[in-house]
Amino acid sequence: MSAVAAVSWALIGMAGTAALGLRLLGADAAGSLGPMTAAVVALGAGGSVTPSGDVAAFGLPGAEAGAAVDITPLGVSLVGALLLSYFFLRSLRAAGVVVSGAELLARAGTVVTLFAAMAGGPVRAGHDVVTLDGGSPGPAGLPGGGGFEVPGPGGPGDAEGLLPDRIGDLVGAEAEVGFTVDTAPTLLGGLGWSAGVLLVALLASRRTPLPRGWDAVHRAVRPAVSALVTVGLVAVAAGYAAAGYAAIGDDHPRRIAGAALLGAPNGVWLGLPIGLFVPWDGRAGGILLGVLPDPLDELLRAGSDQAVTLGRLAELDGRVWLLGVAGASAMLLAGVLTAARTPVGHAAARAPGTAGFAARCALRLGVATALTLPLLVRLTEVSVNASLSVLGFDAFGAGIELRGHLGVAFLLGAAWGAGAGAVGALLARASGAAGRRAAPPARGDRETEGAGGARRAARGGLRGPGARGAPRRRAARSVHTGGSVPATGSGHRSVPAGAPGITGTAGAAGAGSARGRAAARRSAGPR
């Protein structure tokens, strides 16, 4: 039931976000909102969508439409990931202080399998066809504005010198461009996407129980991963705030709101690697240049293939250096959070010095960032290429491609993480915040968390420090004074003076020593 709740809420949240974003963008004017929503949900869950087209003019073959889309709407993905993680982790916390490996695999496997199965819904619904009428070029002709034109010797739109006797037929030509959600890639993508979300959630949730023997994950992995996840979410929140501020004074606030719902994490998580000096390769052409932010559009307009780096963007607009400041500040925040959530010492080792603590934080955050930064680069890569041709003449062409260097991102992530971890640890030590936010599992505490722990504590199965000594001392005092042992919980009952023996806690305490047995005989009186 917990798996059903997690998957259902995740898909509902993704569908709602996709539908609202498309509605605000006005995409429903070009086609049915339902199939487009299903296609966006499939893309957000790691699926694949194949556009297709068939253009016919005067009944002659040779007209073709083609497209390729490789982009993930991370706004939709983020909503689904947060909901899926929340309900999955909530079910684990209700299981008790420690969860067995078999139970953990069973719960996670059920969620992943169910999500992959329910991804068949977008596969079934995500297909539609949009008819583009050549007789009505303009905003109604092509989604997003601008119909298609056939170039002629007199300039764009002048086709008399090219097709003088059939220009009327050409104007009346129709183009059908559709899209279909691919079945196998979407089901496999949903399987991998949900498994990855649960893995990140388990590594980032500091209070969720894990199997016995996984104490190193609590101490070494979770503080760094949770710090990076927190920084990523804070950056996305800042992106939404910036979009809201931009929408206030814009002529089309609905478009900005819709674009932010679908793609704010794309822009934010693209800017972070660029601010950390990760190089990209990019190219763009056609009307899609207009969707790129300034000065990225100006840089890519200069040539076919361009190196996109922080320095080259800053040459066009000096304010781009703020990306570097934001990236460094985000990493410093991650370093401080890692130090605050890392226990200074644990039961198996004494507390290290400042240098040792800084080295531990640097190593752990360095490894985590080295794996996270290439993941962000891969998630924010964009490849969109489209073409619509009539009788071999290009009528519509556009494309965007941004590819980051994964190897460089790995090395830079390790360097930035190690440096930020060390500096953050030193700052946390100086301010006294080191280890202050460490979770009980990371400190090695076995607290009675969750419903199962509360029930065991009520039965007397789990006791805090000193719980054993207190009943024993109370029992000894009651024996010497001839009083009774007060009831202290399950298995503890009063023993009146003169009883022929001591039962419950008092008897158990006295039976282990000669003094206890002698006291019992004296309190029993003459036989």
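This is a predicted model: local features need pLDDT of at least 70, side-chain atom pairs count only at pLDDT 80 or more; totals for chains, interfaces and linings use all residues.

1. Gly311 has a relative accessible area of 27% and is therefore partly exposed, a label that covers the range between buried (under 20% relative accessible area) and exposed (over 50%), with a 1.4 Å probe and protein chains only. Gly311 lies in helix H11, which spans residues 310-316; helices (H or I, at least four residues) and strands (E, at least two) are DSSP runs numbered from the N terminus.

2. Residues are numbered from 1 along each chain as its sequence is written, and side-chain values use heavy atoms, with hydrogens and water left out.

3. Phe277 sits in the loop between H9 and strand S7 (280-285), and it counts as partly exposed because its relative accessibility is 46%.

4. Is Gly75 buried or exposed? With 1% relative accessibility, Gly75 counts as buried, and its place is in helix H3, residues 74-93. Apart from neighbours within four places in sequence, Gly75 is in contact (heavy atoms within 4.5 Å) with Thr17, Tyr240, Leu261, Leu262, Pro265 and Asn266. For Thr17, which is 58 residues away along the chain, the C-alpha separation from Gly75 is 7.8 Å.

5. Gly75 also belongs to a helix contact. The axes of H3 and helix H9 (residues 253-275) come within 5 Å of each other and cross at roughly 100 degrees, where axes are lines fitted to C-alpha atoms, for helices over the stretch in contact, and angles run from 0 to 180 degrees between N-to-C directions. H3 is therefore roughly perpendicular to H9; angles of 65 to 115 degrees are given that name, those under 35 count as roughly parallel, those over 145 as roughly antiparallel, and the rest as oblique. Leu74, Gly75, Val76 and Leu78 of H3 meet Leu261, Leu262, Pro265, Asn266 and Trp269 of H9.

6. Elsewhere in H9, Ala257 is partly exposed, with a relative accessible area of 32%. Ala257 and Gly21 are 236 residues apart in sequence, but their C-alpha atoms are 7.4 Å apart in space.

7. Helix H13 (residues 354-379) packs against helix H12 (residues 321-341) at an angle of about 125 degrees, with the axes 10 Å apart, and the two helices are therefore oblique to each other. Met331, Ala334, Gly335, Thr338 and Ala339 of H12 make this contact with Phe357, Cys361, Leu365 and Thr369 of H13.

8. H13 also packs with H8, here at an angle of about 55 degrees and with axes 9 Å apart, which makes H8 oblique to H13. The residues involved are Arg219, Ala220, Ala224 and Leu228 of H8, together with Arg364, Leu365, Ala368, Thr369 and Thr372 of H13.

9. Which residues have the most contacts inside the largest nonpolar core? They are Trp269, Trp280 and Val308, in a core of 40 residues; such a core is a set of buried Ala, Val, Leu, Ile, Met, Phe, Trp, Tyr and Cys residues joined through side-chain atoms within 4.5 Å. Helix H8 (residues 215-248) supplies the largest share of this core, six residues. A second, separate core has 39 residues, among them Met14, Val49, Val111 and Phe179. Not counting residues up to four places away in sequence, Val308 touches residues including Ile274, Trp280, Leu313 and Leu402.

10. Taken over the whole protein, the secondary structure comes to 19 helices and ten strands, and buried residues make up 40% of the 527 residues. Of the contacts with a separation of 6 or more, 72% are between residues 24 or more positions apart.
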